[in-house]
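Here are a few exercises to work through with the structure open beside you. Try each task before you read its solution.

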Amino acid sequence: MTEDAIPQPTPEQAALFARVRRMMLIAGLTTAVAVGAVLIAIGYRLFRAEGSVTTAASEITTTLPKGARIVSTAVAGERLVVTLDIGGATEIRTFDAKTLKPAGRLKFVSEP
């Protein structure tokens, strides 16, 4: 009864166990760093976003000059671009895409 239920490992076995423990520690630390990097990237993307997806939609009405018609609309970066035809002259109006406030106006006229 003095014999152990689990025999003592040989020196070769002890070295193998130490090596396996070291490799498991390296794998665990690598996994922890990878999970941390993913969580940091997700947090950065969440806190970097300026607006929330659930913000209330805004309604803005703007008036066009008499006889004007919208030729095209487009989104360019953070701007909404509206091209107008006003009595044969072309005008481009830009609006901020988030607030819909006017950002600029560009008129094209023919030379006299």
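**Exercise 1. Work out whether Ile-42 is buried, partly exposed or exposed, and find the surface patch that includes Ile-42.**

Step 1: Start with the cut-offs: buried means under 20% relative accessible area, exposed means over 50%, and partly exposed is in between (1.4 Å probe, protein chains only). Ile-42 has 47% relative accessibility, so it counts as partly exposed.

Step 2: Ile-42 sits in helix H1, which covers residues 11-48; helices (H or I, at least four residues) and strands (E, at least two) are DSSP runs, numbered from the N terminus.

Step 3: Look around it. Val-35, Val-38, Leu-39, Ile-42, Leu-46 and Phe-47 make a nonpolar surface patch of about 670 Å². To join a patch, residues need over 30% relative accessible area and no salt bridge; like charges are joined within 9 Å, nonpolar side chains (Val, Leu, Ile, Met, Phe, Trp, Tyr) within 5 Å. The areas come from the Shrake-Rupley method with a 1.4 Å probe, and for residues only the protein chains shown count as cover.

A word on the source: this is a predicted model, where local features need pLDDT of at least 70 and side-chain atom pairs count only at pLDDT 80 or more, while totals for chains, interfaces and linings use all residues. Residues are numbered from 1 along each chain as its sequence is written, and side-chain values use heavy atoms, with hydrogens and water left out.

**Exercise 2. Trace the order of the strands in the open sheet, then follow how S3 pairs with S4.**

Step 1: Four strands make up the open sheet, in the order S1-S2-S3-S4 with antiparallel pairing. Two strands pair if DSSP finds at least two bridges between them.

Step 2: Find the edges. Strand S1 (68-76) and strand S4 (102-108) each have a single partner strand, so one side of each has no neighbour in the sheet. From one strand to the next, the twist averages 20°.

Step 3: Zoom in on one pair. Strand S3 (residues 89-96) pairs with S4 in the antiparallel sense over six bridges. Phe-95 has Pro-102 in S4 as its bridge partner, and Ile-92 has Leu-106.

Step 4: Check the turn. S3 and S4 form a hairpin with five residues between them, and Leu-100 in the turn has a positive phi of about 60°.

**Exercise 3. Say which loops are tied together by the salt bridge of Lys-98 and Glu-78.**

Step 1: The closest N and O atoms of Lys-98 and Glu-78 are 3.9 Å apart.

Step 2: Lys-98 lies in the loop between S3 and S4, and Glu-78 in the loop between S1 and strand S2 (79-86), so the pair ties together parts that are 20 residues apart in sequence.

Step 3: With a relative accessible area of 47%, Glu-78 is partly exposed.

Methods. A salt bridge is a side-chain nitrogen of Lys or Arg within 4 Å of a carboxyl oxygen of Asp or Glu. Axes are lines fitted to C-alpha atoms, for helices over the stretch in contact, and angles run from 0 to 180 degrees between N-to-C directions.
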